[in-house]
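Please open the structure in your viewer and keep the selection tool at hand.

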Amino acid sequence: MSARLVKKVLNEQQHFPPQQEDDDDDDEDEDEDRLNDDSTNRSSINPFDLLNDHDSEPEYQEEDLESAKETSTRYDDKEGPSLLKNTAVVSTSNTKSKKKKKKKNKNGSVANKTGGEKDLDEILEDLSLDANSSGEQDVSSKARAVSAKDKNKSVKHQAILQVDPKCLNAENELRRIFGSKVVKSFEASNEASSSRQIRGVRRGHYNLRKTVLVTPANHWPRWDGSLSMEFLETKNGYNYFKYAHSSSYSQAQSAFEATKAINDLNGVASLLMHHPYHLDSLLTMAEYFKVVGEQQMSADAIAKCLYALECAWHPMFTPLQGNCQLLFGHDTNKPMFTALFTHMKNLDRRGCHRSALEVCKLLLSLDSDDPMGAIFCIDYFALRAEEYAWLEKFAADYESINSLYLLPNFSFSLSICRFYLEREEASKDACIDAKKSSLDYMKQALLLHPSVIRKLVEKVPLKDRIWTDILKHPFFQSDQTRNVSLDHLISIYTERNYLIWRLPDLQKLLSDAAQLVIGTLEDIKSEVDGYAAARTQAFSSVKNEYGHLLVSDFSDKVASIPPENLQQFMGPPRMGEGMPDENQFANLHAHGNGHAPRGVANRNALAVLFESMLPWVTYEDREGGGPDDNQHDDDHGQNNQ
């Protein structure tokens, strides 16, 4: 179309602002022409001649436009009814032409709104902007695609670590294992023993918060609110938090550091008498109770610690969904990791492996760096809980620096998963590689970590003659890999998982795979070299990258020390040195003023703390006290000892 025709259209739009009226005039003129012409001559008209006619016509003047407008108005008044009668004979092509004209007029009206006629440079500039914008859209779409991919990975990673709150409760698992009648009978016996109380004690005068990590006992102190949690930021689909201390908690922390510097356990016990939910003191006493053989008291101290930590959770902190990060680098967050790891081991000793698995998932989801080494025991809890399909899915979906298949624990545990899934005739959709059998996975694990078999033979132990023949082969003679990081992980694996290999079926699977490796070692020499190269590349550091993980932390054995050997760490039997005095201690409670109960101030703090862990032990009421004072004594005797 020529520039002259474009100008004509623009001028028409300037003088005919009502778009609908122009469209009706054009349509009616076209309808009249088509009705007057013979239908046989319609095809003989060349539509391109109209363009030539328009090019030869002079530009419209304002007078012509006014006359055209008047003519159109008269035409609308006179000929409108006759056109309405003949609309049925208009062809489909006529309708299409009307749509084209309307579209053209609409474009013209847009041009008029933007300032009328534009020169060529402005049009090219607009086109270039459109092109650039489309290019930017392409780049942004790619960026969105990458972001969506990362988001999908994050969602996939979070989904595999979601925690089932029902399985966190150890009592539920005990009911599933032993039956509800046995558990109720055990609970009833505990309630009967705990009902033996000294006179003047009233129980149940306040309710503790309901938590998902642990179930608080009735004799625990009321939560003092000394901890809180701060929201830091949202990044890559994760919400980041950290714990914060109140001023009273900070003073208690300073007192704890002072007693820790002189190795005074009695001072730590004194601190707990004044601050029953001081985390580091609870963790210290839990370790002490464990080494002196008081396992229930140790577990109770850890449960108190977790109760205090959960009471301080931020409203946005939803760790069971796997989308929250509580980085270990913040000092205030470290007690959470220590308490969860110890709680996980306590659940394992009670035989609650499914609950221990859920706690391990929670521990792993809080910090992707895994400071406690949860990745090296999560496979064990999954096997003990018979979550075979979940473990295979976890190994496929979980993202880490190195592939989980290269770790000693996963290379052998995945073979065990495949073994049990084959036995149960599980669905092939849950398989990582449906073409590989459990024997193939075990062979691959032995080629990747041949030194594991000697450690397992010594640790389980395996005393059959077939193991003697296997260990005589040069490929399985050594129990070292000359890589400190890998040797450390193999030691952790054998210490954590050796109990699984006491099953005869798994021993046969291991021996069959070892004999298969020995029989085909010469034929698969290149494959052996490939596994050695992969092992060297995965553990390339000359230093022990996992030295912070102690092998003893993954052991079922509990080190015991006679209490008399700990006397050097007790310190003098003092209650108030470095602590608030008795009046200050009483003022910490919501019941107001008063003094410490009689029989506490002059006693050894550690002995008092031992007694306070028993729900039926309390202390005498103060003399001359009124009803409020007696109520305070009840709270004090039960809650703050």
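**First stop: a pair of helices**

The axes of H17 (residues 388-397) and H18 (residues 408-423) come within 9 Å and cross at roughly 140°. Here axes are lines fitted to C-alpha atoms, for helices over the stretch in contact, and angles between N-to-C directions run from 0 to 180 degrees. The angle makes H17 oblique to H18, since angles under 35 degrees count as roughly parallel, over 145 as roughly antiparallel, 65 to 115 as roughly perpendicular and the rest as oblique. Now display the side chains: on H17 the contact (heavy atoms within 4.5 Å) involves Tyr 388, Ala 389, Leu 391, Glu 392, Phe 394 and Ala 395, and on H18 it involves residues including Phe 410, Leu 414 and Tyr 420.

**The whole chain**

Zoom out before going further. This is a predicted model, in which local features need pLDDT of at least 70 and side-chain atom pairs count only at pLDDT 80 or more, while totals for chains, interfaces and linings use all residues. Residues are numbered from 1 along each chain as its sequence is written, and side-chain values use heavy atoms, with hydrogens and water left out.

The chain contains 27 helices and three strands; these are DSSP runs numbered from the N terminus, helices (H or I) having at least four residues and strands (E) at least two. Of the 641 residues, 43% are buried. Buried means under 20% relative accessible area, exposed over 50%, and partly exposed in between (1.4 Å probe, protein chains only). Among contacts between residues at least 6 apart in sequence, 74% join residues at least 24 apart.

**Second stop: helix H24**

Select residues 525-538, which form H24. This helix of 14 residues reaches 20 Å from its first C-alpha to its last, close to the 20 Å expected at 1.5 Å a residue; the expected span is 1.5 Å times one less than the number of residues.

Which residues of H24 are buried? They are Val 528, Tyr 531, Arg 535 and Ala 538. They cover an arc of only 95° around the axis, and therefore lie on the same side of H24; the arc is that of the directions from the helix axis to the C-beta atoms. An α-helix has 3.6 residues a turn, so residues three or four places apart point the same way. Turn the view to the face away from the buried side to find the exposed residues Lys 525, Ser 526, Thr 536 and Gln 537. The buried residues of H24 pack against H19 (438-448) and H22 (484-497).

Move on to H22, where twelve of the 14 residues are buried. Among them are Leu 486, His 488, Tyr 493 and Arg 496. The buried residues of H22 pack against H14 (334-349), H16 (378-384), H18, H20 (452-459) and H24.

**Last stop: two single residues**

Select Lys 361 in H15 (residues 353-366). Is Lys 361 buried or exposed? At 6% relative accessibility, Lys 361 counts as buried. Beyond its neighbours within four places in sequence, Lys 361 is in contact with residues including Ile 160, Ile 378 and Trp 390.

Finally, select Thr 284 in H12 (residues 279-291). Thr 284 is partly exposed, with a relative accessible area of 25%. Not counting residues up to four places away in sequence, Thr 284 touches Phe 256, Leu 265 and Val 268.
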